[in-house]
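Subject: A structure for you to explore

Hi there,

Here is the structure I promised to pass on to you. Have a look at it first, and then read my notes below.

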Amino acid sequence: MKNNNFKNKQRISNVSFNKDHKKNFNKVNNGVFVFTRSLSVGELAKQLNILPSDIIKYFFLQKKMVTINQMLDDDSIGEVCLNFGYDVKKEKVVSAENFEEVEIKDKKEDLVERPPVITIMGHVDHGKTTLIDAIRNSHVAAGEVGGISQAIGAYQKDVKGKKITFIDTPGHEAFTAMRSRGASVTDIVVLVVAADDGVMPQTIEAIDHARAARAPIIVAINKIDKDGANPEKVKNELMNHEIIPEEYGGENIFCEISAKTGKGLDNLLESIITLSEVLELKANPNRYAMGTVLEAKLDKGEGPKATLLVQNGTLNNSDYVVVGTSYGHIRRMVNEFNKVLKSATPATPVSVTGLSEVPNAGDHFMAFPTEKEARDIAFKRSLAKKEHDLQGSAARSLDDLYKQAQEGEITSLNLLIRADSTGSCEALKSSVNKINIPGVKVNVIRATAGAITDSDIALASASNAIIYGFNVRPSANVKAKAEEEKVEIRLHRIIYAMIEEIEGALKGMLKPELKEVSIGQMEVRNLFKANKLTIAGCYVTEGHIKARSKVHLVRDGVVIYDGELGSLKRFKDDASDVKNGFECGATILGYNDIHEGDMIEAYEMKEETVK
């Protein structure tokens, strides 16, 4: 049965849904030839109701030789159409199962102002949770006794007659994981920094993630009520990371607040409203509902349950929806007060039941007119997802870069840099920024000192970036996550070698002669002294260790020494090879400053040529 809610909904402008990939929608309409793909000379002639020889003759006079079966590109099709008296237009056709690829172009008169969508981020213990609670429980209408019942992980606030939508985000990685699936849901990021603590590592991570999402940042300097609060110190530290207050000629709004006492909270909310007005956030409520899954779970009583953010159109409580690879007929739709809603307009978060399975956070959804259409599209999306998963993620490798550079496809390269010290980090970033290859831009989206972390992998996956480590080593867990996310980690000890490698790849001439390959890793668990030598009692945790191997001595993820094994023993006997799961004793030639807990990584240099 048709869903009556769609009677007045508009079709998505300039985009057609193609239910059959093999069909084309080429046609002549009021003197305009509309086409959807490349055409052969014979196909174009048939569509224009002319002879193929007429087109062949036209190109012959242009000193071009074509045959009846030769495929014509868009420009050639345009030339022929104009020559024979037709205007021409290429129309994009999107298969219904790829509805997130739809380019929405609404008429100005159909657009209305929508609430801004806000995510609050910041370093642990800087008051992010306290601020979320303060906002959640402020401005609550008198009739809402007991405050908001958080039935969903998002909520709206009324500020001077205008709504603001807030999303609860458990952490930077969750924020980035959603973005890696194409879920750009945040309009503005509120960065919380404690006035008595200043900029910390997670503050910098939050800045990186907000920039990767291209979301403007409002800084909330929190805890100004505490002794030792120094807002000016916070401003100066943030300016080192190019977050510059408006009062100093920058683009970032700074608000001094106390989430504990509520001081400055009204100013922060008004600043959010002001920035959202500048951004001119608008949507069309009179169309098919589209949006993103914020969170989802399996409820024992209600079955699959999902929190959806409606981003365009209006979602009705009886719509048929495709959510990720699941589908359903919405049985119940509630807001943060657990109040049942009949409809939800753009930028409204709602919790829905009635889905066939639990979707993933970051999945897209769209409403459809019938259950059959929703079910069929969900099935096709499920098959496409399985195929995509088999092919791996979109994270870029240097070999991919080489191939794409040769094909002229590369326009930018995103890099994450981790180094053993701040000085090395700055030197690397400066050297990378000096790379000048015509037509290619190199973006350093993060450059910090310290070991490679899970957060780096998440950001690299979301940003299609390559991670470069300088005198640092990833842990086994980090390496496993990188392999799972198909993120490439390149490790170097010489700056110019790293720069040459990047330049060579961008020029399409990548031919590394030697590549460092890890063969095994062991953990130092005991230390023994003998004849001024330090003997490390070790346990092999990965791969195997060969006698006389080249090794890195790694402490807290940073390479402390690079050398060669002096001896390798099992009990009192010399060993040529010790495998994973076995204990051994080892020394490092010419080096004795070994500590318990250090990791010794054995490696080989192997020749590799990119084809």
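Strand 12 (residues 188-194) and strand 13 run parallel and are joined by six bridges. Two strands count as paired if DSSP finds at least two bridges between them. Helices (H or I, at least four residues) and strands (E, at least two) are DSSP runs, numbered from the N terminus. As an example of a bridge, Val193 has Ile221 in strand 13 as its partner. Between strand 12 and strand 13 the chain passes through helix 6 (residues 201-212), and this β-α-β crossover is right-handed. Right-handed means that, with the strands pointing away from the viewer, the path from the first strand over the helix to the second runs clockwise.

Before going further, a word on where the values come from. This is a predicted model, in which local features need pLDDT of at least 70 and side-chain atom pairs count only at pLDDT 80 or more, while totals for chains, interfaces and linings use all residues. Residues are numbered from 1 along each chain as its sequence is written, and side-chain values use heavy atoms, with hydrogens and water left out.

**The wider picture**

The protein has 14 helices and 35 strands. Of its 611 residues, 48% count as buried, where buried is under 20% relative accessible area, exposed is over 50% and partly exposed is in between (1.4 Å probe, protein chains only). If you take the contacts (heavy atoms within 4.5 Å) between residues at least 6 apart in sequence, 72% join residues at least 24 apart.

**Back to strand 13**

How many residues of strand 13 (residues 217-222) are buried? Six of its six are, and the strand is mostly covered. On one side you will find Ile217, Val219 and Ile221, on the other Ile218, Ala220 and Asn222, and all of these are buried. Strand 13 is also joined to strand 14 (residues 253-256) by four bridges, and this pair runs parallel. There, Ile218 stands opposite Ile253 of strand 14. Together with helix 7 (residues 231-239), strand 13 and strand 14 make a right-handed β-α-β unit.

Two loop residues belong to this part of the story. Lys223 sits in the loop between strand 13 and helix 7. Its phi is near 65 degrees, a positive value in a residue other than glycine. Lys223 counts as partly exposed because its relative accessibility is 21%. Asn252 is found in the loop between helix 7 and strand 14, and it counts as buried because its relative accessibility is 11%. Leaving aside neighbours within four places in sequence, Asn252 is in contact with Ile217, Glu242, Ile243, Ile244, Pro245 and Glu246.

**Two helices side by side**

Two packed helices are described by the angle between their axes and the distance between the axes. The axes of helix 6 and helix 12 (residues 454-463) come within 11 Å and cross at roughly 10 degrees. Helix 6 is therefore roughly parallel to helix 12. Angles under 35 degrees count as roughly parallel, over 145 as roughly antiparallel, 65 to 115 as roughly perpendicular and the rest as oblique. The axes are lines fitted to C-alpha atoms, for helices over the stretch in contact, and angles run from 0 to 180 degrees between N-to-C directions. Helix 6 contributes Glu205, Asp208, His209 and Ala212 to the contact, and helix 12 contributes Ser455, Leu459 and Ser463.

Which order do the strands have in the open sheet of four strands? The order is 25-24-26-27, with parallel pairing. Strand 25 (441-449) and strand 27 (489-492) are the edge strands, and each pairs on one side only. On average, neighbouring strands of this sheet are turned by 25 degrees against each other, direction ignored. Strand 24 (residues 412-419) and strand 26 (residues 465-470) are joined by six bridges, and Leu415 has Ile466 of strand 26 as its bridge partner.

**Two more residues to look up**

Arg548 lies in the loop between strand 29 (533-546) and strand 30 (550-555). Its phi is near 65 degrees, a positive value in a residue other than glycine, and Arg548 is partly exposed, with a relative accessible area of 48%. Ser40 lies in strand 4 (residues 39-40) and counts as buried at 10% relative accessibility. Leaving aside neighbours within four places in sequence, Ser40 is in contact with Ile68, Asn69, Gln70 and Met71.

Enjoy exploring!
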